[in-house]
Amino acid sequence: MTFEPGDRVRVLPSEKPGHVRTPEYLKGKVGWIESLIGEFPNPEELAYGHSGLPERPLYKVGFRQADLWDDYEGPAEDYVYADVYEHWLEPGEGGPV
Amino acid sequence: MSGHHQHEGAGRTTSPYAARIRAIEALLLEKGVLTEPEVQDSISYMEARSQANGAKLVARAWIDEGFEELLLSDAKAAALQLGMEPEHPAEFVVVKNTLGVHNLIVCTLCSCYPRAILGRPPDWYKSFEYRSRAVREPRAVMREFGFEPPESVEVVVHDSTADVRYMVLPIRPPGTEDMGENELADLVTRDSLVGVNVPRL
């Protein structure tokens with residue numbers, strides 16, 4: 001496992017096409033690793049009839065709403081969790097959360 | 001094609017997408033990739049599942065602390081214990097509402113939903129509007145469904161982007177102390193399992 005719970009991570013701003021499970025609104029955003037969910041066949045390969053192996057680590061990643069939208073309506077404590085594959089993450093700036 | 005499927009009855013839709021699906025289905029049958037009984041089994045499987053399963057899980061968790069613990073730590077095992085068949089490659093995770101945290105489920109990329117337990121998602125869950133607004137302005141979305149969590153409550157959105165399907169364990173409404181399990185289950189709406197609303201007396 002490359003990342004540990006509490007690590008700050010940035011979602012890669014990649015424009016890779018295909019059956020990508022990383023939503024646009026999170027690309028380039030910084031959040032934190034909440035937990036490792038497990039390892040799963042890579043959906044970007046699986047969707048096109050390949051095995052998707054080796055399996056890829058999938059993390060539950062948290063983002064503060066205030067970091068996602070400039071004009072978010074609601075308290076600063078509101079947040080979003082998304083499930084993001086390890087190959088879409090890089091270490092984020094600012095050290096551990 | 002044979003034309004006796006349940007989905008070709010009264011509810012038959014004439015949208016181009018439905019026509020395309022029917023054409024693909026006919027080809028799959030014609031080429032022997034699928035058989036008629038397989039298609040029927042699959043339809044029966046989906047139609048046998050409904051939010052009643054979710055309501056049962058919630059009602060049991062409300063009256064049995066040990067079951068709640070299992071539901072939150074291993075939701076598939078909890079579902080099996082109540083005779084449901086959560087067999088599906090995706091993980092199934094239940095998130096708990098508390099006095100300080102309210103959870104909301106969405107799939108911004110498509111319409112991922114715990115179908116193995118709850119069946120098909122409602123149409124609004126698949127709509128572009130819900131999918132985009134649930135992460136962008138969840139409090140406004142909930143207001144439109146008739147629920148407004150106070151500012152002191154953290155709103156936590158779970159975007160089912162990959163291999164996990166989520167369901168909410170709502171708070172048991174006050175004033176239900178004397179209710180039995182079945183009566184409690186009747187209070188648990190599909191909206192409350194997605195988190196756009198809460199169960200009420």
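Predicted model: local features only at pLDDT ≥ 70, side-chain atom pairs only at ≥ 80, totals over all residues.
Residues are numbered from 1 along each chain as its sequence is written, chains are lettered from A and ligands numbered from 1 in the order in which they are written, and side-chain values use heavy atoms, with hydrogens and water left out.

**The interface**

Counting contact as heavy atoms within 4.5 Å, 24 residues of chain A meet 26 residues of chain B. Together the two chains bury about 2100 Å², with 50% of it on carbon and sulfur atoms; buried area here is the accessible area (1.4 Å probe) that two parts lose on being put together, summed over both. Val135(B), Arg136(B) and Thr161(B) account for 25% of what chain B buries against chain A, more than any other three residues.

Three salt bridges turn up across the interface, each a side-chain nitrogen of Lys or Arg within 4 Å of a carboxyl oxygen of Asp or Glu. There are also 17 residue pairs in polar contact, both at pLDDT 80 or more. A polar contact is a pair of N or O atoms within 3.5 Å; within protein, one must be able to donate a hydrogen and the other to accept it, and residues adjacent in sequence count only if both atoms are side-chain atoms.

Elements are DSSP runs numbered from the N terminus: helices (H or I, at least four residues) and strands (E, at least two). On the chain B side, β3(B) gives the largest share, six residues. Four bridges tie β3(B) to strand β4 (residues 79-85) of chain A, and the two run parallel; strands pair if DSSP finds at least two bridges between them. Within this pairing, Tyr79(A) sits opposite Val156(B).

| Pair | Type | Distance |
|---|---|---|
| Arg139(B) and Asp78(A) | salt bridge | 2.7 Å |
| His102(B) and Asn97(B) | polar contact | 3.3 Å |

**Inside chain B**

His102(B) lies in strand β2 (residues 101-106) and counts as buried because its relative accessibility is 4%, the cut-off being under 20% relative accessible area (1.4 Å probe, protein chains only). Its contacts include Met142(B), Phe147(B) and Val156(B).

Met142(B) is also one of the buried residues of α9(B), among them Arg139(B). These pack against α2 (65-68) of chain A together with β2, α8 and β3 of chain B. Just past α9(B), Gly146(B) adopts a positive phi of about 100°.

Key. Buried < 20%, exposed > 50% of the residue type's maximum accessible area, 1.4 Å probe, protein only. Lists of a residue's contacts leave out its neighbours within four places in sequence.
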